[in-house]
Amino acid sequence: MAAANPAKMLQDEVTCSICLEYFNDPVSLDCDHSYCQACITQYWGDLTTNVSCPQCRRTFPQGNLRPNRQLRSIVDAARELRLQAGREPAAERLCERHQEPLKLFCREDGIPICVVCDRSKGHRGHTVIPAEEAAEEFQERLQAHVKTLRAEREKLLGLKVSREETSQVYLKQTQAERQKIVAEFQQLQQFLQEQERLLLAQLEKLDNMIVKAGIDTVTKLSEQISHLSELIRELEEKCQKPASEFLQDVRSTLSRCEEGQAQQPEEMAPELEEQVRDFSKQTVALSKSLRAFRDTLPDALEAKSGEPLRTHTPANVSLDPDTAHPQLVLSEDGKSVRWTDTHQPRPDTPERFDTMRCVLGREGFTSGRHCWKVEVGGGRYWAVGVARESLNRKGWVSLSPKGGIWAVGRCGDPFRALTDPETPLTLSPHHRIYVCLDCDRGQVTFIDAETEASIFTFPPGSLPGERIRPWLMVGWDTNTRLRLSP
């Protein structure tokens, strides 16, 4: 392999990757990449938060620009060297064969030659002109090409800025839509909670009415039973008496018996039955309305709780120690991982994460539907999900689909989906989360293992058509321990 050109390396180091010119007022980002202050400011436009580096795409909460004085000095020195090189006369080149100055140019062969070459048989009959004249001619042609290329570069730079501005406009629109969706669902949740409260209050009132009516009915029936029991006892005693005594007031006794037989037990209030029937109708109508609303939701928003758990195959996944960051400790069975402040003695292989405290699963998936469970416990710094096989293992990785990661996690509070920008989760997961991967649709869904409620879904087509592996990240928290299970 040819040795690197030091001049070319220096030229690359003092050139801004946006304008492709020498740095002008160079500034550095938090990722240590440098740009002209005017170039990076124009690149970000009106953005003040969630800005990113054009090279590594790492995002920052705000545009923190640090003047790079050392780089400015290097740029000034490079400019001076270039000027000196232009002022110093170049050493005259000699013909390798005749050791004479190359003062002529052969048009047919397109090479500089000396006067001895001009008289040789090899160039006899060729058109030969002075080298200076040929240089001027080719310089004019090259300058024309430079002008065209510069115009093309300016056009592409303008197109790049335009596309980036368009991208930012689209991102602002999606952010606005995200806020609208969150607001609409919050209002819907509040409405449903209020309706639930009202219906339960009505049901409690109806319960109280039924209980009261039942008590009243039972009381009256008890009184009638007691009255009849007393009358039966009296008649039985009367029947035991002698005829002369038995016949006294016998008509009055018969009349009392007939009155007792005519009394019927009272029915419960009929209006209660009607109210119970009306309430049942309301419940049926409510169920139909909620089902109709659920069926109208698009696939990305469908709320069929726990459905992936019944359509995905449980996967017995384990962690790959060859990918684990040196500060992550894996269990012997490869099922759990925790963080430690001590670096483990592990070889720095291309497969291993060296900056992000991540680890991949051994298993990879290219087709089918698969799910596995991750116990997150009460830790406050973690993330779980999936990543593509080609995920960059060295340096900082964008924790988003742009970086090849589809996950949810927690960094203190609140819980969030690792989108770009991050999406706060309205539903906080409990201690166990199901990761449901659908390779055929390019979709991954996260479900609360205790309630089977959907936490977040990356919509169909989000994942690339390549091998996907389980992915875990553990932050600086000794209380966090993540464990895998089917």
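Buried means under 20% relative accessible area, exposed means over 50%, and partly exposed is in between, with a 1.4 Å probe and protein chains only.

The model is predicted, so local features need pLDDT of at least 70 and side-chain atom pairs count only at pLDDT 80 or more, while totals for chains, interfaces and linings use all residues. Residues are numbered from 1 along each chain as its sequence is written, and side-chain values use heavy atoms, with hydrogens and water left out.

Now to the rings. Two rings of Phe, Tyr or Trp (for Trp, the six-membered ring) pair if their centres lie within 6.5 Å; planes under 30 degrees apart are stacked, over 60 edge-to-face, and the rest tilted. How many aromatic pairs does a search of the whole structure find? Five. Phe105 forms an edge-to-face pair with Phe138, at 5.5 Å centre to centre and 70 degrees between the planes. This pair links distant parts of the chain: Phe105 is in strand S6 (residues 104-106) and Phe138 is in helix H5 (residues 131-239), 33 residues apart. Helices (H or I, at least four residues) and strands (E, at least two) are DSSP runs numbered from the N terminus. Phe138 is at 33% relative accessibility and therefore counts as partly exposed.

Phe365 and Trp372 have ring centres 5.8 Å apart and planes at 15 degrees, so this pair is stacked. Phe365 has a relative accessible area of 11% and is buried; Trp372, at 1%, is also buried. Elsewhere, ring pairs join Phe446, Phe456 and Phe458 into a cluster.

Rings also have charges over them. The cut-off is NZ of Lys or CZ of Arg within 6 Å of the ring centre and within 35 degrees of the ring normal. The charged end of Arg58 sits over the Trp396 ring, 4.9 Å from its centre. Over the face of Phe353 lies Arg393, at 5.9 Å from the ring centre.

Next, the core, and Trp372 comes back. A nonpolar core is a set of buried Ala, Val, Leu, Ile, Met, Phe, Trp, Tyr and Cys residues joined through side-chain atoms within 4.5 Å. Which residues have the most contacts inside the largest nonpolar core? They are Trp372, Val374, Val384, Leu472 and Leu482, in a core of 36 residues. Leaving out residues up to four places away in sequence, Leu482 touches Trp382, Val384 and Leu472, among others. The rule for contact is heavy atoms within 4.5 Å.

On to the strands. Two strands pair if DSSP finds at least two bridges between them. Strand S14 (residues 381-388) has six of its eight residues buried, so S14 is largely enclosed by the rest of the structure. S14 runs antiparallel to strand S15 (residues 405-411), joined to it by seven bridges. S14 also pairs in the antiparallel sense with strand S21 (residues 468-474), over seven bridges. Ala387 shows both pairings: it stands opposite Ile405 in S15, and its bridge partner in S21 is Arg469.

There is also an open sheet of three strands, in the order S2-S1-S5, with antiparallel pairing. Strand S2 (34-36) and strand S5 (66-67) stand at the edges with a single partner strand each, so one side of each has no neighbour in the sheet. S1 (residues 26-28) pairs with S2 over three bridges, antiparallel, and Val27 is opposite Tyr35 in S2. Helix H2 (residues 37-44) packs on this sheet, touching S1 and S2, and its direction makes about 90 degrees with that of S2. Those axes are lines fitted to C-alpha atoms, for helices over the stretch in contact, and angles run from 0 to 180 degrees between N-to-C directions.

Last, the backbone. Most residues other than glycine have a negative phi, and most peptide bonds are trans. Leu20, not a glycine, has a positive phi of about 60 degrees. Leu20 lies in the loop between helix H1 (6-13) and S1, and is partly exposed at 46% relative accessibility. Asp32 has a positive phi of about 75 degrees. Asp32 is in the loop between S1 and S2, and counts as exposed at 58%. Where is Pro421 found? Pro421 is in the loop between strand S16 (415-417) and strand S17 (423-424), and a cis peptide bond joins Asp420 to Pro421, with omega about 0 degrees.
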